[in-house]
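Reader: New model on my screen. Please walk me through it.
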Amino acid sequence: MSVWAELTGQREAIAVLRAAAAATPGGASAAAADGNAAGANPAAANAMTHAWLLTGPPGSGRSNLAFAFASALLSHAGPDGDAVTDAQVQARTHPDLSVLSTEKVIITIDEVRELMRSSQYSPSVGRYRVMVIEDADRMTERTSNLLLKSLEEPPERTVWVLCAPSDADLLPTIRSRVRTVRLTVPSVADVAALLERRDGVDSALAEQAARHAQSHIGMARRLATNPEARARRDETLDLALGIRSVSAAVQGAARLVQIATDDGKAITEERNEQEREDALRSLGIEPGGTVPPALRAQLRALEEDQKRRATRSLRDGLDRILVDLLSLYRDALMIQLGGGAELVNREREAQLTEHAGKTSPARSLHMMDAIAEARQRIDANVNPTLALEAMLVTGLEQAA
């Protein structure tokens, strides 16, 4: 089966990367093009180069496409890859693949320095040595400038693959040294079909999950396979529509933070426990056994990493809640304008119609602006509860 088979809604991007993977090794150290893989010159668009940037909105499949590309580059079987190489890439165990992904707020300079050191090795079994950086937008300027040195003078047959929401999230100097492949938002039908084919989800539930996730592939899968995630989403929307007073807004903000916290714990708790057990086992300590003082520093380092991951999980959970609320007021606006557009929350049409009748399009737009402002405030480290309180009170004022 082709390494590209599990990807959906990205036909043009796959065509560019597949053509590049079919190129003869040796051209990887050529200078990057003008940053647009879909430019006017078809030959240039399909050429191989040493550094790539895959951009697209969250949930579009940037990382999945990056690893499919890595499989195709590493395989000796051609641009469609082979099962053995792909299994190694998916398990992150291929000797010629190095991956930097973070579940913290930022990628540290030490992590990039270690990856750069690894990039100097020649391929051992694959056609190339492939370096993948997920969430490259999480690098600080200093860290990005360090990476720039490797992009300017790449070793022969080393290929860098960076992933970010937008090329604007990276420094201009980085953008000038990579070839950009832009992903599009897959359709609801494409995401639903993937859930049915890959995860065995019922067609009706797959369509609903894809629609509620607004084509975010990872979130759609979670909504389709996790009843608790669906229940938390429903509670979020009910809470927003039910606020009638300032005190209710204050309580509602606290509850939204709690929902996001519970959601983050559900994602990370099981993994944290498994990581701790694995760490203890690697140190020769049985689960439940006493940790010698000399080894406690290693476990403390693991606990610090898990705390940083919990911080990011909370932020991600809050952002998911705010995106869901945006879809709610977007639907209300569509009803008010009578545009006939498909509703994200189609199951709530009667409730949304009632809500839309009590407000105006201008008020719906103002509430959407308030949600966007809350996202920016939380991203800037404003206390989440205060940011959500201000947002909900704004909605209360607009409904008055």
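Reader: How do the residues lining the largest cavity divide?
Author: Four are nonpolar, five polar (Gly among them) and two charged. This is a predicted model, where local features need pLDDT of at least 70, side-chain atom pairs need 80 or more, and totals for chains, interfaces and linings use all residues. Numbering starts from 1 along each chain, and side-chain values use heavy atoms, without hydrogens or water.

Reader: Which residues line the largest cavity?
Author: The lining consists of Glu-6, Leu-7, Thr-8, Gln-10, Ser-60, Gly-61, Asn-64, Leu-65, Leu-194, Arg-198 and Ile-217. Lining means an atom within 4 Å of a cavity point, on a 1 Å grid where a 1.4 Å probe fits but cannot get out.

Reader: Which helices supply at least two of the lining residues?
Author: Helices α3 (62-74) and α8 (188-199) each do. A helix is a DSSP run of at least four residues, a strand of at least two.

Reader: And what volume does the largest cavity have?
Author: About 60 Å³. A search of the whole structure finds one cavity of 30 Å³ or more.

Reader: Switching to the sheet. What is the strand order?
Author: The order is β2-β3-β4-β1-β5, in an open sheet of five strands with parallel pairing. Pairing takes at least two DSSP bridges.

Reader: Which strands stand at the edges?
Author: β2 (97-100) and β5 (179-182) do. Each has a single partner strand, so one side of each lacks a neighbour in the sheet. On average, neighbouring strands are turned by 20 degrees against each other, direction ignored.

Reader: How many bridges join β2 to β3?
Author: Four, and the two strands run parallel. Leu-97 has Val-130 in β3 as its bridge partner.

Reader: What packs on that sheet?
Author: Helix α5 (residues 109-118) does, touching β2, β3 and β4 (158-164). The direction of α5 makes about 170 degrees with that of β2.

Reader: New topic. Is Ser-327 buried or exposed?
Author: Ser-327 is buried, at 2% relative accessible area; the cut-off for buried is under 20%. Ser-327 sits in helix α13 (residues 296-337). Beyond four places in sequence, Ser-327 touches Gln-214, Arg-233, Val-344 and Asn-345. A contact is heavy atoms within 4.5 Å.

Reader: And where is Leu-352?
Author: In helix α14 (residues 349-358). Leu-352 is buried too, at 0% relative accessibility.

Reader: What does Leu-352 contact, leaving aside neighbours within four places?
Author: Leu-328, Asp-331, Ala-332, Ile-335 and Asn-345. Leu-333 is 19 residues from Leu-352 in sequence, and 9.4 Å away, C-alpha to C-alpha.

Key:
Axes fitted to C-alpha atoms, helices over the stretch in contact; angles between N-to-C directions. 1 Å grid on protein atoms, 1.4 Å probe; cavity = no way out; pocket = protein on both sides within 12 Å on 5 of 7 lines; lining within 4 Å. Points joined across faces, edges and corners; volume = space filled by probe spheres on them. Buried < 20%, exposed > 50% of the residue type's maximum accessible area, 1.4 Å probe, protein only.
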